[in-house]
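Here is a short briefing for a first look at a protein model. Keep the sequence and the 3D view open as you read.

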Amino acid sequence: MSKRYSVHEVLDHIFGNDGDLEEREGSEAEEDVSEEEDDVQYDPEQDQTSDEEDPDVTDAQGEVFKSKKSDISWLSSPPQTQARAPMENILRMTPGPTRYAVSHAQDIKSTFELFFPRPIQSILLEMTNMEGRRVFGDSWTEMDKTQLDAHMGLLLLAGVYRSCNEATASLWDSESGRPIFRATMSLQAFHVLSRVLRFDNRETRVARRENDKLAPIREVWDKWVENLPFVYNPGPEVTVDERLVPFRGRCPFRQYMPSKPGKYGIKIWAACDAKTAYAWNMQIYTGKSATGVPEKNQGKRVVLDMTKGLRGHNITCDNFFTSYDLAQELLKRKLTMVGTVRKNKPELPLALLGTKDRAPLSSKFAFSERTTVVSYCPKKNKNVILMSTLHRDAGVSSREDKKPDMILDYNKNKGGVDNLDKVTGTYTCKRGTKRWPMVVFYNMLDVSAYNAYVVWTEIDPGWNGEKPFKRRLFLEELGKSLVSPYIERRKRLPRTEASVRLVKGLQPTLTSSSCDTNQGGDSRSSKRKRCQSCPANKDRKSNTTCHTCKKFICAEHTVTIKYCDSCI
């Protein structure tokens, strides 16, 4: 069968441009292959285009609405001729813990360490020891991983006991405190670690902060955020929203949000799994750029940044983010979107904005080729507008309120980030501080502990069975597993009986005679007073008293007499 060519193709062939024919034939072959791979049948009628609208088709599809700028045409009924079947909601990843997480999560502690791996711990140890040497000089003892784990474990345990607003000293109190705090380390040691904990090099911070407001914790934050997608794959529904970490101290990008409980704090954009509230991606908002020019289309940029790496998911967001341009960009990434829309958006048709003569519980729809908008009147003279690329019809529920399916799906999935705020706020480990990097670090601990709980309960669904407060039990076990190695190497026993029992439970061979008392006959007092042999400016306190005069003395002025086994 002979192939027909156009006049221009024949002329090109005569004048030596016959290579174009081969290229066109090759491209046609490639198009045929792509059509077979997509499983879409070619319809030549779809390629027929016309600059003028067909009035018959318009009438068949119902009333036509124009947007405010008249650049988008909306139909009152779904279009009869639509593009090929949508492929946006086909997930390319299996929801749940990744293979990497399943292979490395051997217990609760190892699951938590997936979010604080060795590279992050190395930065914390290096920068903290650098600050410790700067502040305390030669008297500084290098902090190691065991001590860092113990410090984080005590923070998590304080959150378990819901002591975020309780004075730190009361946690170490001999009567009202918790024995595990005194069994792990002294209150002074905890304060020292909290004081010198750093996340960057202090000497180079000024130069880095000129271009980056997040410089004091940027490296640790970026490495931490990079780990979140490697541990867990979100389900088909993902929520994008904003969070506010309360903080009223000095911060160059502190925000005021009157709708949030804390009102003042650090704003964080977050993308969470709508079902489990797993934090999959985060980004700290550092305010306007150095030029002071406000960012345009910020909501669109944030959603596109938060959803990088996702495909086949549905994104739920509120009216700060939702726009027609965002919906089209997400469709190019094989993502759909459902969200509320502000009424001042220029892409909305005027017919959906008015509420006059609208009956309560009524819905009015508008359709474009791949986008649906609904205006729902919950009561007289009030309407709510939603936009969706997931819904293609005018579906309305059979409930008494007659809400559209679009609104029901939005209400079901809109709370992913809000649930994360709720669960992390219940057992938060935050402490009172004037340094905003510490506020970010405390929030990283809270989110990591919750993400670890989500991963562990999906890896081991039978863990603790049907017990209530499973997350509280998880945090308590996590905190104890972090502090136990540090308690095991403790060389001295604490002074309270309950704390002594905890230490001896991990160190049965540790006795008070070998650690806390001398065989020379000195006595111990339950009180601690300043050593009466040292100058007052040294302020050395001790609970050891002289055997003869009962004066309080420190270890420097204590004489130890040694005996053999037969003379004791």
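**A buried glutamine**

Gln 147 is buried, because its relative accessible area is 14%, and the cut-off for buried is under 20%. This is a predicted model.

**Around Gln 147**

- Gln 147 sits in helix α7, which covers residues 145-160.
- Leave aside the neighbours within four places in sequence, and Gln 147 is in contact with Glu 142, Leu 193, Tyr 486 and Arg 489.

**Where α6 meets α10**

- Helix α6 spans residues 118-136 and helix α10 spans residues 187-196.
- The two helices pack at an angle of about 110 degrees, and their axes are 9 Å apart.
- That angle makes α6 roughly perpendicular to α10, because angles of 65 to 115 degrees count as roughly perpendicular.
- On the α6 side, the contact is made by Thr 128, Glu 131, Gly 132, Val 135 and Phe 136.
- On the α10 side, their partners are Val 192, Arg 195 and Val 196.
- Sorted by class, this contact of α6 with α10 has 4 nonpolar, 2 polar and 2 charged residues.

**Helix α13**

- Helix α13 runs over residues 298-306.
- Its buried residues are Gln 298, Gly 299, Val 302, Val 303, Leu 304 and Met 306.
- The buried residues of α13 pack against strands β5 (237-246), β7 (264-273), β8 (279-284) and β9 (314-317).
- They also pack against helix α14 (324-332).

**Helix α14**

- Tyr 324, Leu 326, Ala 327, Leu 330 and Leu 331 are the buried residues of α14.
- Seen down the axis of α14, these buried residues fall within an arc of 160 degrees, so they line one face of the helix.
- The packing partners of the buried α14 residues are β2 (73-75), α13, β9, β10 and β13 (382-388).
- Lys 334 follows α14 and has a positive phi, near 65 degrees.

**Positive phi in two loops**

- Lys 263 lies in the loop between β6 (255-256) and β7.
- Phi of Lys 263 is near 65 degrees, a positive value in a residue other than glycine.
- Lys 263 counts as partly exposed, at 32% relative accessibility.
- Asp 357 lies in the loop between β10 (336-340) and β11 (363-367).
- Asp 357 is not a glycine, yet its phi is positive, at about 65 degrees.
- Asp 357 counts as exposed, because its relative accessibility is 77% and the cut-off for exposed is over 50%.

Key: Residues are numbered from 1 along each chain as its sequence is written. This is a predicted model: local features need pLDDT of at least 70, side-chain atom pairs count only at pLDDT 80 or more; totals for chains, interfaces and linings use all residues. Side-chain values use heavy atoms; hydrogens and water are left out. Buried means under 20% relative accessible area, exposed over 50%, partly exposed in between (1.4 Å probe, protein chains only). Helices (H or I, at least four residues) and strands (E, at least two) are DSSP runs, numbered from the N terminus. Contact means heavy atoms within 4.5 Å. Axes are lines fitted to C-alpha atoms, for helices over the stretch in contact, and angles run from 0 to 180 degrees between N-to-C directions. Angles under 35 degrees count as roughly parallel, over 145 as roughly antiparallel, 65 to 115 as roughly perpendicular and the rest as oblique. Ala, Val, Leu, Ile, Met, Phe, Trp, Tyr, Cys and Pro count as nonpolar, Asp, Glu, Lys and Arg as charged, and the others, Gly among them, as polar. The arc is that of the directions from the helix axis to the C-beta atoms.
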